[in-house]
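Keep the structure open beside you as you read.

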Amino acid sequence: MLDARVWLLWAVTALITASSSRNPLYIIILLLITAVVGSTCATGDGRRAPLSPLRFVMIAVPLSALFNALTVHFGDTTLFRLPAWLPLIGGAITLEALAFGAMNGLTLTVIFSAFSVFNQVTPIRDLTRLTPRAFHEGGVVLSIALTFIPQTTRNLSRIREAQAVRGHRVRSVRDWLPIVMPLIVGGLERAMGLAEAMVARGYGAISDEGQPLRRQSLLLLGLLALFGGWLAYLFRTRWRSGAVGAMVLGASLIAVVVGLTGRSVQHTVYRGRRWTSRDTLTVVGCILTLAVAMTQREALYYTPYPHMELPQFDPFIGLGILGLLVPAIVTKRLDDPERHGGKGVEQADPL
Amino acid sequence: MLGVLVAVSSVLRFLEVAFPMPGGFSPIFAPIIIAGYVFGGRFGYLMGTFTLLTSALIIGGVGPWLPYQMFTAGWAGLTAGWLGQTVDASSRLRSTQATGLRTGVGLRTAPSSCGVSYFTSQATGKTMGATRSRILILCIFGFIWGLLYGAIINVYFWPFTGGPADQTWTPGIGLGETLTRYGAFYVVTSLAWDLARAVGNAALILVLGSPMVKALERFRRRFNFEAEGHGAPSRRSTHREAAKVEAHA
């Protein structure tokens, strides 16, 4: 199993690469990579998105193609025409607009698919551990919420069953009241008990020191620089380099304040995870893909307008994108204990 | 309390899956808005952000959209807190005038340590009417945030979207032109979807609002207590610290 931070880097790399390209050949490679990595690395007991990538592609691609074809009346190859008096959709329906819409749908599918894999392969406890030390109080809230969810879900089922026995059926929003209110009141009663238990264990004894004024001022300055730079980047094209500098400065200041605040928080980890060679290899693969996405922007770019032509394919860019396939190569499947009748163990690090 | 309310609110997403609702309707916004209204802007903001984060962790909804969802839901809770303060202040003002005119009885507030001064109208007896009016205000607020949520979330992908020139963003266009194009894009692509969320929020607050506000206000009073012992001033601070723990729980 790879580190959660490595998986996050992998998903962000897929996001950046997919966003940088509209070339359907590279996008399809990315889609295949996410499918292979998902099928190789997901253990089956991970969290599944409400919508599978396969269903997503079947919805996103036709819808996006249809929307773009109906609203963009540009391109040389006219398929048919809608009456001009129809607002927005009236005009020529072109093959180029249809293709561009389909490519947008494919790009969205890659992003969705990459984060579906991320959700399936990273345990919730690993994600919770990513909480910066500066936000330790938020981490406590998150841990409590995650701990209470199974119990709350059981209570929800119990309440629904009890109401169903009384003949209650959910037909409209009004019928939610006998389900939601007992759930909330029961949850608040449990909160009361938990709060008392935490006070009894001395949680309230921590000193309530406010942040020094200097750090607050730095944070405010960082936020102003970040958002000011962002607005300037969007609306003042002449100030672009200055705007980027302001954004970098702002983000750095925020990072410094978060780091300094986190230093003052004591942090202990029970059974911390060790960084392995598989993590390093995956990071190298992601850096390779990111380098290609950043340096080959023009080669990655493709537009079907005004006349659709076959997209170009550069094998070196294709190889660079294959850097995202590293997790599938370095991670071996967990043995299924049911199927093999033995203990399911992760195989030893092959490297 | 925040953690447990976040858990309850996140579990409501399972209801959304079990009983699919039209368009962008989700039952998680009504608890965020009502909790923000009762407990204040800070609590509402945290409730909004943590509800979206926790539910995304559970249902596998982590993605580039998540920070936008968290911030927007947080802002809904934050502004609900401001709304609560405004409504409380205005009703307090009205009631001061009414009680002053009729009976000469002034305000009765909870102990200052509660952090919340609540009003009991002894002379007018308009509690039911006041409850109805604030639920109505909350319904309108929920409706507006149903639309605003979609309008803000769209921004994370809109600048990168291809489409008609009068609906897409291009570098260098001014703020006015950007807003005009975004307005056109929003009406064409999102308005119908978001209307379902807006109507759903209003309906859910109409149904759940009154009992939920009462329940949360009751628990707010239970959580915010202060024991003033003779000759033991240190207990005040102890219980304030305890209240902080309860807010986390």
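## Helix α3 of chain A

In chain A, the buried residues of α3(A) pack against β2 (91-94) and α4 (95-121). Those buried residues are A:Phe56, A:Val57, A:Ala60, A:Val61, A:Ser64, A:Ala65, A:Asn68, A:Ala69 and A:Thr71. Please keep in mind that this is a predicted model.

Helix α3(A) itself covers residues 53-71, 19 residues in total. From first C-alpha to last, α3(A) reaches 26 Å, close to the 27 Å expected at 1.5 Å a residue.

Helix α4(A) has 27 residues and spans 39 Å between its first and last C-alpha, close to the expected 39 Å. How many of the residues of α4(A) are buried? The helix is mostly covered, with 23 of its 27 residues buried.

Helix α1 of chain A (residues 4-20) packs with α4(A) at an angle of about 175 degrees, and their axes are 9 Å apart. An angle over 145 degrees counts as roughly antiparallel, so α1(A) is roughly antiparallel to α4(A). On the α1(A) side, the contact is made by A:Ala4, A:Trp7, A:Leu8, A:Trp10, A:Ala11, A:Ala14, A:Leu15, A:Ala18 and A:Ser19. On the α4(A) side, A:Thr107, A:Val110, A:Ile111, A:Ala114, A:Phe115, A:Val117, A:Phe118 and A:Val121 take part. Sorted by class, the residues of this contact of α1(A) with α4(A) are 15 nonpolar, two polar and no charged.

## Helix α1 meets α10

Helix α1(A) also has a contact with α10(A), which is formed by residues 277-295 of chain A. The axes of α1(A) and α10(A) come within 9 Å and cross at roughly 15 degrees. The two helices are therefore roughly parallel to each other, and α1(A) passes α10(A) in a left-handed crossing.

Which residues of α1(A) and α10(A) meet? From α1(A) they are A:Val6, A:Leu9, A:Trp10, A:Thr13, A:Ile16, A:Thr17 and A:Ser20. Their counterparts in α10(A) are A:Asp279, A:Thr282, A:Val283, A:Cys286, A:Thr289, A:Leu290, A:Ala293 and A:Met294. By class, the contact of α1(A) with α10(A) has nine nonpolar, five polar and one charged residues. A:Trp10 is listed here, and A:Trp10 is also listed in the contact of α1(A) with α4(A).

## A cis peptide bond in chain A

A loop of chain A is worth a stop too. The peptide bond that joins A:Tyr305 and A:Pro306 is cis, with omega about -5 degrees. A:Pro306 sits in the loop between α11 (297-300) and α12 (315-321) of chain A.

## The overall picture of chain B

Chain B has eight helices and zero strands, and reads α-α-α-α-α-α-α-α along the sequence. Of its 249 residues, 49% are buried. Among contacts in chain B between residues at least 6 apart in sequence, 71% join residues at least 24 apart.

## Helices α2 and α3 of chain B

In chain B, α2 (residues 29-39) and α3 (residues 41-59) have axes that come within 7 Å and cross at roughly 155 degrees. These helices, α2(B) and α3(B), are therefore roughly antiparallel to each other. The crossing of α2(B) past α3(B) is right-handed.

B:Pro31, B:Ile32, B:Ala35, B:Gly36 and B:Phe39 represent α2(B) in the contact. They meet B:Gly41, B:Phe43, B:Gly44, B:Met47, B:Gly48, B:Thr51 and B:Leu52 of α3(B). The contact of α2(B) with α3(B) has seven nonpolar, five polar and no charged residues.

## Two buried residues of chain B

B:Arg134 belongs to helix α5 (residues 127-153) of chain B. Is B:Arg134 buried or exposed? Its relative accessible area is 16%, so B:Arg134 is buried. Leaving aside neighbours within four places in sequence, B:Arg134 is in contact with B:Tyr37, B:Val87, B:Val213 and B:Glu217.

B:Val207 lies in helix α7 (residues 191-223) of chain B and is buried, with a relative accessible area of 18%. Not counting residues up to four places away in sequence, B:Val207 touches A:Val173, A:Arg174 and A:Leu177. B:Val207 and B:Leu138 are 69 residues apart in sequence, and their C-alpha atoms are 11 Å apart in space.

How values were computed
Residues numbered from 1 in each chain as written. Chains lettered and ligands numbered in written order. Predicted model: local features only at pLDDT ≥ 70, side-chain atom pairs only at ≥ 80, totals over all residues. Heavy atoms only, no water. Helix = DSSP H or I, 4+ residues; strand = E, 2+ residues; numbered from the N terminus. Expected span 1.5 Å × (residues − 1). Buried < 20%, exposed > 50% of the residue type's maximum accessible area, 1.4 Å probe, protein only. Contact = heavy atoms within 4.5 Å. Axes fitted to C-alpha atoms, helices over the stretch in contact; angles between N-to-C directions. Parallel < 35°, antiparallel > 145°, perpendicular 65-115°, else oblique. Left-handed = near helix turned anticlockwise from the far one by under 90°. Nonpolar A, V, L, I, M, F, W, Y, C, P; charged D, E, K, R; others polar.
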